[in-house]
Amino acid sequence: MVNTGFRLLITVLTLLMVLMVFTNAFLRYAFATGIPEAEELSRYLFVWICFLGTVYAFSSNEHVGVDMFLNMMPEKLKKIVAIIGEFITLAVLLLMLWGGVEYIKTGGTSEGPATGIQMGYVSVSICVASIAMIVILLKRMADTHLSPRQGEGK
């Protein structure tokens, strides 16, 4: 359900961005004019699409991963490496969240030149994405490592 919602939201935002860019390009070509706000808004939408896309890819395990060495390892070592990898990922996501908050604090009140939209509304996408991926990762870790194993009784 969450993936369907993210995919729909990403699709709608992409459609809006494409429409704005296409309209602006047409106006510039046909009438030698454009909408400056559309260019700026399309950049802002692109940032949101990128961060929401990372959440979607992370939640559905469609992100880029190299598992060549992992596949050559024995099962016990694979589990240990997977746990280490999960904690490294959690640390990076927490760092991303902290960096996003700091970025909003330092530059969040500056305004876009054409729209006047505060950059905090764009930069909050970093925090939204990192929080969503932290929740997904913690749920994945709990399901993998805390749930009863088959054949181990209750």
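Arginine 140 lies over the face of phenylalanine 58, at 4.7 Å from the ring centre. This placement, like everything that follows, is read from a predicted model.

**Aromatic pair**

**Helix 4**
- Helix 4 covers residues 75-107, and its 33 residues, at 1.5 Å a residue, should span 48 Å, which agrees with the 47 Å that separates its end C-alpha atoms.
- The buried residues of helix 4 are Glu86, Leu90, Leu93, Gly100 and Gly107, and the buried residues of this helix pack against helix 5, which comprises residues 120-145.

**Cysteines**
- A search of the whole structure finds 0 disulfides, where a disulfide is a covalent bond between the sulfur atoms of two cysteines.
- For cysteine 50, the closest cysteine sulfur belongs to cysteine 127 and is 16 Å away, which is too far for a bond because a disulfide requires the two sulfur atoms to lie within 2.5 Å.
- Cysteine 50 counts as partly exposed, at 36% relative accessibility, whereas cysteine 127 is buried, with a relative accessible area of 8%.

Methods. Residues numbered from 1 in each chain as written. Predicted model: local features only at pLDDT ≥ 70, side-chain atom pairs only at ≥ 80, totals over all residues. Heavy atoms only, no water. Lys NZ or Arg CZ within 6 Å of the ring centre and 35° of its normal. Helix = DSSP H or I, 4+ residues; strand = E, 2+ residues; numbered from the N terminus. Expected span 1.5 Å × (residues − 1). Buried < 20%, exposed > 50% of the residue type's maximum accessible area, 1.4 Å probe, protein only. Contact = heavy atoms within 4.5 Å.
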